[in-house]
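Work through the exercises below with the sequence and the model at hand. Try each task before reading its solution.

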Amino acid sequence: MSKLDAGLPVDVCILGGSMSLPGQSGGWPESLVRWMRATWPTSKINLHNGAIGATGSTFFALCADSRLPPACDVILLEHTLNDG
């Protein structure tokens, strides 16, 4: 939050299944970043979406670092459907 309030760049990173993938009109990650950009217009907010459809948390526990950039300010995990 302090980086956003200071107008600094922020990297938002997503890991999850198909619910986190962008759809035809975007998805929840894109909606979140649109809201963040409107709320903190002086910050450059980058979205890195490492989601893979039909994939649960076990997969990402082993290779999350290969799906995201080296530095993330916010990491959001979504495994609602694929972890039972």
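**Exercise 1.** State how many disulfides the structure holds, and find the cysteines that form the link.

*Solution.* This is a predicted model, and it holds one disulfide. Step one: look for paired sulfur atoms. Those of Cys-13 and Cys-72 are 2.1 Å apart and form the disulfide. Cys-13 is in strand β1, and Cys-72 is in the loop between α3 (57-67) and β3 (74-78). The pair links distant parts of the chain, 59 residues apart. Step three: read the handedness. The angle about the S-S bond is -90°, and the link is left-handed.

**Exercise 2.** Decide whether Cys-13 and Cys-72 are buried or partly exposed.

*Solution.* Buried means under 20% relative accessible area. Cys-13 has 0% relative accessibility, so Cys-13 counts as buried. Cys-72 has 22%, so Cys-72 counts as partly exposed. Cys-63 takes part in no disulfide; its nearest cysteine sulfur, that of Cys-72, is 14 Å away. Cys-63 is buried, because its relative accessible area is 15%.

**Exercise 3.** List the residues of the largest nonpolar core, and name the element that gives the most to this core.

*Solution.* Step one: the core has eight residues, namely Leu-4, Val-10, Val-12, Ile-14, Val-33, Met-36, Trp-40 and Ile-45. Step two: β1 and α2 each supply at least two residues of this core. β1 gives the most, with three. Step three: follow one member. Leaving aside neighbours within four places in sequence, Met-36 is in contact with Leu-4, Val-12 and Ile-45.

Technical notes
Residues numbered from 1 in each chain as written. Predicted model: local features only at pLDDT ≥ 70, side-chain atom pairs only at ≥ 80, totals over all residues. Heavy atoms only, no water. Core = buried A, V, L, I, M, F, W, Y, C linked by side-chain atoms within 4.5 Å. Buried < 20%, exposed > 50% of the residue type's maximum accessible area, 1.4 Å probe, protein only. Helix = DSSP H or I, 4+ residues; strand = E, 2+ residues; numbered from the N terminus. Contact = heavy atoms within 4.5 Å. Disulfide = S-S within 2.5 Å.
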